[in-house]
Amino acid sequence: MTYIIILIVSAVAQYFLPWWVIAPIAFAICAWKSKTAFGAYAAAAGAIATLWLGYAFYLNSNNDGIMLHKIAGLFSENIKFLKNLPVTPTYFLIMAIIGSQVAGLSATAGYHFRQFFK
Amino acid sequence: MKFVKFIISLLAAAGLTYALNRPLGAVPALGRLFSPFEGFWQNGESKLALPPTNLQLEGVMEEVDIIFDDNRVPHVFAKNDHDAYFTQGFLMARDRLWQMEFYTLAASGRLSEVVGERALELDRYSRRMGMADAAKKVYENGKTNKIFDEVLNAYAAGVNAYIKQLKYKNLPVEYKIIGYQPEEWSPYKTILMMMNMRNVLNGGSDDFRMSNALSKYGMDVVKDLFPNYPSNESPIIPTGTKWNFTPVQVPAVPAQTTATLSTSETVAFSVPQHSPEIGSNNWAVGGEKSATGLPILANDPHLQLTLPSIWYQMQLCTPTMNVYGACLPGAPGVVIGFNKDVAWGVTNVGSDVMDFYQIKFKDNSKKEYWYNGEWKATSMRVEEFVVKGRPESLKDTVFSTHHGPIVYNSASDKNINQNVPVGHAMRWVALEKEGTDLMAFYYLNRAKNYDDYRKALTYYVAPAQNFVFASNQNDISITPNGKLPLKWKEQGKFIMDGSNPAHDWQGWIPVDQNPTVKNPARGFVSSANQFSTDPTYPYYLGWRFAPSERAIRINERLEKMQKATVDSLRMLQNDNFNVEARRILPVLMKILNADSSETKNPAYQTLAKWNMKNDANEVGATIFERWIKELRYIVFEDEFPMKDLKSPMTYPSRNRMWDMVVKEPTAKWFDDVSTKNKQETLQDVVKHSFKASIDSLTLKHGSMNPENWAWNKVKSTDINHLGRLPGFGRQDIPNGGGAGIVNATTELNGPSWRMVVQLDKGWPKAYGLYPGGQSGNPASPFYDNMIDKWAKGELNELFFMKSKDEKSSRILGTVKIIKK
């Protein structure tokens, strides 16, 4: 349930607000809902990973991956080992890690916030 | 314990979020960049994306229709001129905003604000040149012309209407990667954009290098090796054309024509050399030479090729005009194009319009300088640089004399510690304050006949261009045009004396006495940046223009051409014949030939069989081009070092070198002065350079075979991203050509727009394309969609609409702009 709420609220919020709004959203919802620290982390990280992967997948396939490959070209010129990795999975993974870690850590902080005041 | 857990997890979460939301050195803010809601994913345009069918915008007076064709070229139908230029600004911003702003940052010396330290030297140079300052004054003067002011303001309003509704997620991806935001547009920025063109096309000088050669070898050698007119030329205005005017008095050549360089002085100039690759071709054949009986006009301006592309195609239709052509992002109107009745195009005029004066200051404060027997006050300006990544801004003091700004580079800055410091002031046509250049295009866009063309040209200042023209009244014409200084012979060939009034620029060639020709007997007009005229023209324009090979080839082919069609002119644009090889290869081969061991060399045999065309797959072209480069280096680098830091010079022209090879085979210049007890002969340097060429080609490309040594592989044309973002350009484009070839495609330069227009009493037929695409978005299918066709030398038929109601399968969609 926490997972669904975070997914929906952050989808709507990110449409109007900067990307980092996922942090306070995960924090607040997990402070309110979560029973365990791991549960908070998993729900928020999972929700943002799902949302970002899903939306990025949609945008990327609409564009035949042209933008993604250009960005990949830019990064691999500066960070050489990226050259040897398959572009699509690598960059989707990087993105998922960024989004899920920000959300997951914020959710954990939210859970501990609640515990502190309990 | 609970508190500690909370604090630690909060710090971790907040820390990570913060870190991902801000750039780290060159790495952009990764969280924002990767977020699919805001970051680069949002720039991934879907295949045939068009804006919504209706746009409500503040700033239009009436409804505007924009029809997009299958190449995503917008055709703008407006009910008044204001709305047309407003819409042009809006559309260019939509497709090219980042590029437009980048040019203005470059011209005003502000690049380091967005890219940091690495652009600082370039910025210092641009600021010292004073382009930003000049742009402000140009606009102040220009806006007294009501039309000029209205056009520029309408255009700026359109750009700003686009910027205003931009959110971060829709920003061009370059802003996201580099990490900055667009600023408001203004007429001043359009002028800056034009300044950028003036700098690219007119911003080179050989004065300092020539002065070095003069002080080392004396006037006789310089006169011999650096003549004022080449032995081999085919000037733009055909030889023998009568000058139908009474020339004004040309200033007398003063007794002393150069500055007296003191030997204690070390000036290092970072001013770029005159660059012959930045040239262009244009021509028009008259009705008697064409299959239709009416003129056909062709133009291909050569510039450094970039993505987003230099040009943007558009049709603008209002009650006062209906014009189609190539536009410059950042500037209103069409620069190279056609309408129902006329077509026109431009190539660069290589006249000497940037001169340097040696200035003697009274003391280190540089407040006064010696001029005409007395101390004269300089003016001073402090330039401030905000550099990304630097906590404090930097300052640079720029002094100006009545000639112009004092320009020297950092190396010499440190050296100016003497009691009587010496500086160099620059006089440059690009800093001229009256600048209604855009009005020339405004009137050309609306021109109906030859007289309109002549009138339009009077508005043009700089960079001087060869304006070719053709009309459906069967007139053709070409005019090297712009503001040209009235000089004594050889004025500004060397650094001049800033204290001597006779060395000042003393006026201008009357604009109606600029060289021009209308309907010449030979039935065509053409230009390829060569000398504007033969030496009978009463005024001195400069001593070094682009080498004549392209001009010679174009003129000999047009000479023979009968019943010319669009396709015959298109083929000429793609002509790869090497005129230089025709002239000199047999001579060089004969020298090699004398030694039987050379004739067995496979490289020799390849050259012997070569068809003298720089086609993409030719190995002969690879060897020849490398060889003459090597030969020129070996012959001249010892005596006229180009790369010498202290006293750089320039080589005599290739034309002069070939004259020497043929007529003066025992000239002392063939000797390598660095070998003490040996006297090298022409034979030695020819053999040596041939061997060195083969060795260096082998080293770089492996042993000779048709694949690795193919000309296109070795030349390897790249179209890089304007901001040098790796992965955003296109590399190794397969095509032929070369610097002295009509198809002037080199490593980085080439035809930036190719156009052929067949005039007609009814409706013209036009063809064209450029190596890129309409969209500046690297993720758009229209970012680089014309490159492959361009490389093959094909052209697109341009869709020139008669009215907005015209039906065609080429129409992709229509957008209306409605007044808000």
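Me: Does K600(B) count as buried or exposed?
Reply: K600(B) counts as exposed, because it has 8 C-beta neighbours inside 10 Å; the cut-offs are 20 or more other C-beta atoms within 10 Å for buried, 12 or fewer for exposed, and partly exposed in between, with C-beta atoms placed from the backbone. Please bear in mind that this is a predicted model, in which local features need pLDDT of at least 70 and side-chain atom pairs count only at pLDDT 80 or more, while totals for chains, interfaces and linings use all residues. Residues are numbered from 1 along each chain as its sequence is written, and chains are lettered from A and ligands numbered from 1 in the order in which they are written.

Me: Where is the place of K600(B)?
Reply: K600(B) is in the loop between α17 (596-599) and α18 (602-609) of chain B, where helices are DSSP runs of H or I with at least four residues, strands are runs of E with at least two, and both are numbered from the N terminus.

Me: OK, what about confidence: what pLDDT does chain B average?
Reply: The average for chain B is a pLDDT of 91, and 95% of the residues score at least 70; pLDDT is the predictor's confidence in each residue, from 0 to 100. Over residues 409-420 of chain B, however, the pLDDT is below 50, and that stretch has 13 contacts in the model beyond near neighbours in sequence, a contact being two residues whose C-beta atoms, placed from the backbone, lie within 7 Å. Where pLDDT is low, the predicted coordinates should not be read in detail. The model as a whole scores ipTM 0.96 and pTM 0.93.

Me: Changing topic, how many residues of chain B are in contact with chain A?
Reply: There are 33 residues of chain B in contact with 33 residues of chain A. On the chain B side, α1 (2-20) and α2 (30-34) each supply at least two residues, and the largest share, 11 residues, comes from α1(B).

Me: How many helices and strands does chain A have?
Reply: Chain A has 5 helices and 0 strands, and along the sequence the pattern reads α-α-α-α-α. The C-alpha trace of chain A spans about 50 × 30 × 20 Å along its principal axes, and 45% of its 118 residues count as buried.

Me: And chain B, how many of each?
Reply: Chain B has 23 helices and 28 strands. Its C-alpha atoms fill a box of roughly 85 × 75 × 60 Å along the principal axes, and buried residues make up 52% of its 820 residues. Of the contacts in chain B with a separation of 6 or more, 72% are between residues 24 or more positions apart.

Me: What order do the strands of the 11-strand open sheet have?
Reply: In chain B the order is β1-β28-β2-β3-β7-β8-β9-β10-β17-β18-β20, with mixed pairing, where two strands pair if DSSP finds at least two bridges between them. At the edges stand β1 (54-57) and β20 (517-518) of chain B, each with a single partner strand, so one side of each has no neighbour in the sheet. β1(B) runs parallel to β28 (residues 811-819) of chain B and is joined to that strand by 4 bridges; within β28(B), K819(B) is the bridge partner of L57(B).

Me: Which strands make up the open sheet of 3?
Reply: That sheet has the order β6-β22-β23 in chain B, again with mixed pairing. β6(B) pairs in the parallel sense with β22 (residues 717-721) of chain B over 2 bridges, and T306(B) stands opposite N720(B) in β22(B).

Me: Last one, which residues in the largest nonpolar core touch the most other members?
Reply: Of its 237 residues, A26(A), C30(A), A44(A), A103(A), A107(A), A284(B) and I296(B) touch the most other members; such a core is a set of buried Ala, Val, Leu, Ile, Met, Phe, Trp, Tyr and Cys residues joined through C-beta atoms within 7 Å. The largest share of this core, 15 residues, comes from helix α3 (residues 81-107) of chain B. A second, separate core of 27 residues includes L631(B), F670(B), F690(B) and W711(B).
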